[in-house]
Amino acid sequence: MLEFLQEKITKLFEKLSKRGLLSEQDIDDALKDIRIALLEADVHYRVVKELLESVKQKVMGEELSKSINPSQYLLGILKSELISIMGAPAPVKINGTGDIVMLVGLQGTGKTTTAVKLAKYMKDKKGLKPYLVSIDFNRPAAQEQLITLAKANGFPVNEDISSKGYEALKDLRLVSARQGCDFIIVDTAGRLHIDTALVSELKQVKETLNPAQTVLVVDSMMGHDVLKMAEGFMQGVGYDGAIFTKFEGDTRGGAVISFRKIIDKPIFYTGIGEAVSALEPFDPDKLVARIIGSGDLSGLVEKMTEVVTQEDVEDAKHLAKGKFTFQDFIKQLKMVKRIGSIESLFDMVPGFGKLKNNIQPDAVKKDMKVYEAIINSMTNQERSNPDLLNGKRKQRIAKGSGTKPEDVNRLIKRFYESQRMMDILQKGGIKGIKKYLH
Ligand SMILES: Nc1nc2c(ncn2[C@@H]2O[C@H](COP(=O)(O)OP(=O)(O)OP(=O)(O)O)[C@@H](O)[C@H]2O)c(=O)[nH]1
Ligand SMILES: [Mg+2]
């Protein structure tokens, strides 16, 4: 997610950190590039303008020569601006029995799916019993969709409201209470655009129901169009906060920034997949860290010290020096296996997102036993000189380790890949690896 913006800003700061102190020209240049990056990430131009003006004001107001690392300084300011835009995370508030949460939003944004996700979330996390109802009176199929999804997940759902129309809404709390439910989630009709018919319909429902919380469901892929929509719903219907859906596939993320900057309402949750369990509280810090790509380096160090022993450090020193052999290879695999969540480690390092594709911890775990058996069946000579492995030797090794010749070949292939990686690391350091990956 947001790799796009992350990569751009990371590159920019790499460029900046090579030159010592920042001049005003540097700041302007940097801001120009950040501006492009934010616009390309579909942040609304109004938001970009305000954000950059406030960053510049703060940077210019400071005595730059005193700051030890100007690029980190600029980055820090941008980061704190974004964090203040994102605001504190907030949950949907359900205070008492009979409280209603009403979901509104354009067509296809994910209201119906989110209604059931929210029901599950409140049941699992808060122990509340939800009651679901769809009041899309125009489209029976829409109601059917909610009924099916709710039933499949074991939630009580209203099945006869369509025949009774708005009058039935007045009894909703009673009906829900009779089923022993704590609160009600109301799914509403969506339209392609906000029009007067939709607004007056939703207004009427809202007045009748008097919901405790009205939630705007937003498709994260909307980009900068989000503002017009969010402002339209605010004027026409009013709401207390938003849930951003399809957040897992959001490569740009501008919609979130634009929404938060202009509409002063919280983002309650994010939808991160089609499954009913794919709803998460909104995490502003994580999002900002990802946008900026500064990398959670302190987190990385902490995690590394948890899993990397002194022995590993010695091994790593050795690996980085001499010739890379099968013994080294197995040590390297063991380390990867132990770190386990190596994917999350790479997320913390700017520019290293792509490494994830090269190292798959699950595959490593699965192959470990096979690889170890194969390497154990090699002679010492073969272990330190893999070039010796001809067809005949491979067959002998496969037989001795109870594996197949394909397994031996797979191991050899991976070994050479690792050897190449180590070679690049020795010659070019981390930079070399980065270059290799880009
Ligand atoms: N990938 C992904 N898909 C989602 C998410 N939330 C909803 N969807 C999908 O988006 C599509 C539309 O979802 P619905 O819940 O039917 O949307 P809606 O707002 O109720 O649509 P209308 O009732 O027609 O206005 C479905 O295919 C959902 O599975 C999400 O967080 N991630
Ligand atoms: Mg729907």
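Predicted model: local features only at pLDDT ≥ 70, side-chain atom pairs only at ≥ 80, totals over all residues.
Local features need pLDDT of at least 70 and side-chain atom pairs count only at pLDDT 80 or more, whereas totals for chains, interfaces and linings use all residues. Residues are numbered from 1 along each chain as its sequence is written, and side-chain values use heavy atoms, with hydrogens and water left out.

Ligand 1 is surrounded by 19 residues, each with a heavy atom within 4 Å of the ligand. The closest are Lys111, Thr112, Thr113, Glu248 and Glu274. Two residues of this shell are nonpolar, eleven are polar and six are charged; Ala, Val, Leu, Ile, Met, Phe, Trp, Tyr, Cys and Pro count as nonpolar, Asp, Glu, Lys and Arg as charged, and the others, Gly among them, as polar. Helix α5 (residues 111–126) provides the largest share of the shell, four residues; a helix is a DSSP run of H or I with at least four residues.

Oxygen atoms of ligand 1 lie 2.7 Å from a side-chain N or O atom of Thr112, 2.9 Å from a backbone N or O atom of Gly110 and 3.2 Å from a backbone N or O atom of Gly271. The protein buries 81% of the 650 Å² that ligand 1 exposes when taken alone (Shrake-Rupley method, 1.4 Å probe).

Gly87 is in the loop between α4 (70–86) and β1 (99–104), where a strand is a DSSP run of E with at least two residues. Gly87 touches Arg260 and Pro284, not counting residues up to four places away in sequence; contact means heavy atoms within 4.5 Å. Gly87 and Arg260 are 173 residues apart along the chain, and their C-alpha atoms are separated by 7.8 Å.

Notes
Chains lettered and ligands numbered in written order. Polar contact = N/O pair within 3.5 Å; in protein donor to acceptor, adjacent residues only side chain to side chain.
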